[in-house]
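Let's take a walk through this protein together. Have the sequence and the model open side by side as you read.

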Amino acid sequence: MTSAPDLVAGTGRRRVYGQTAVGLAVLTCATYLARRNWTLLETGALRLAVADQGWLLVGATAAAGTWAASAFAQQGAVARRLPGRRLLAAQFAACAANHVLPAGLGAGAVNLRFLIRCGLPAGRSASALAVKATASVLVRGALIAALAPACPGLLRIPRLPPAALPVVLAVALLVAGLLASPLWSRCRAALATVLADIRAVHAHPARAAALWGGSVGFAALHSLVLIAVTRAVGLPLAPARVTLLYLAASSAAALLPTPGGLGSLDAALGLALTASGAPAALAASAVLGYRLLTVWLPLMPGLLVLAVLVRRKAL
């Protein structure tokens, strides 16, 4: 007879395998599209090579600030005081790990191990990560709702073709089946725990300020990276429009479990920028620059920090 831990482990493995398969499929499609549009990407890379260095420095500074914002949000999600330097290093390492594993599994694993090493029980550590993730989703939704009226017509709900109706019905049936299954009771219990932890956070104003301030800062600084890159390559888009486009594109890309949104976020950002009137070459330059500052330049240093933290048993 299969034990409960074995069932949980099997479910976790199937989830990882499923997310990895979907991620590989998305990356394969992204590689195919990159090959089809290689000339455009090459032109964008050349335009980035002669971009304004001052604006690129602003973008690099904003990218570094995202790790501090993530550290503030993580501190706000737990009651225990965390070691500041190790917390910041863990966020840097988590960012790198998030780009080699699908759908945030890398960042989640690094932060979970870090919190457990700091003395938090495994259940409380997982709940703290859920609180942080919930705050991030709510902040992004609130920022999109606040910016949408300032940029009328920028976000449009696409009309679904008749062929998409079976897909919509299938999704509706899947949701209905989930609500009727025993799994929903577990989901409700987990959600109740997260909501209770969020209420506990707001009982301490300093924790609430760190959680929400860090979450807002994380989204704002990522938007600033893209704004700085668009300025560097000479893309004439208002900062509010770029911010709204980034928030919408990154939220859509989060639905596809690729490592760090590679492929999915690139395509979503490129489509969003071109749909807003940006020339295709400049849009490609902006996406490449954003990825350079947020992924490729910090990747190897982040992995080295991760190795050091593991060696020192800080993770």
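pLDDT is the predictor's confidence in each residue, from 0 to 100. This protein averages a pLDDT of 80, and 74% of its residues score at least 70. Over residues 1–27, though, the pLDDT is below 50. Where pLDDT is low, the predicted coordinates should not be read in detail.

What you're looking at is a predicted model, where local features need pLDDT of at least 70, side-chain atom pairs count only at pLDDT 80 or more, and totals for chains, interfaces and linings use all residues. Residues are numbered from 1 along each chain as its sequence is written, and side-chain values use heavy atoms, with hydrogens and water left out.

## Helix H10

Helices here are DSSP runs (H or I, at least four residues), numbered from the N terminus. H10 covers residues 239–253, 15 residues in all. From first C-alpha to last, H10 reaches 21 Å, close to the 21 Å expected at 1.5 Å a residue (that is, 1.5 Å times one less than the number of residues).

Which residues of H10 are buried? Buried means under 20% relative accessible area, using a 1.4 Å probe and protein chains only. The list is Val-242, Thr-243, Leu-244, Leu-245, Tyr-246, Leu-247, Ala-249, Ser-250 and Ala-253. They pack against helices H6 (122–147), H9 (205–232), H11 (264–275) and H12 (280–311).

## The nonpolar cores

A nonpolar core is a set of buried Ala, Val, Leu, Ile, Met, Phe, Trp, Tyr and Cys residues joined through side-chain atoms within 4.5 Å. The largest one has 37 residues, and Leu-226, Leu-235, Leu-269, Leu-273 and Tyr-290 have the most contacts inside it. Helices H3 (53–76), H6, H9, H10, H11 and H12 each give two or more residues to this core. H10 supplies the largest share, seven residues. Apart from this core lies another, of 28 residues, among them Ala-107, Val-131, Ala-135 and Leu-306.

## A closer look at Thr-294

Find Thr-294 in helix H12. Thr-294 is buried, with a relative accessible area of 9%. Its side chain reaches the backbone oxygen of Tyr-290 at 2.7 Å. Leaving aside neighbours within four places in sequence, Thr-294 is in contact (heavy atoms within 4.5 Å) with Ala-63, Cys-95, His-99, His-222 and Val-225.

Definitions and conventions. Buried < 20%, exposed > 50% of the residue type's maximum accessible area, 1.4 Å probe, protein only. Polar contact = N/O pair within 3.5 Å; in protein donor to acceptor, adjacent residues only side chain to side chain.
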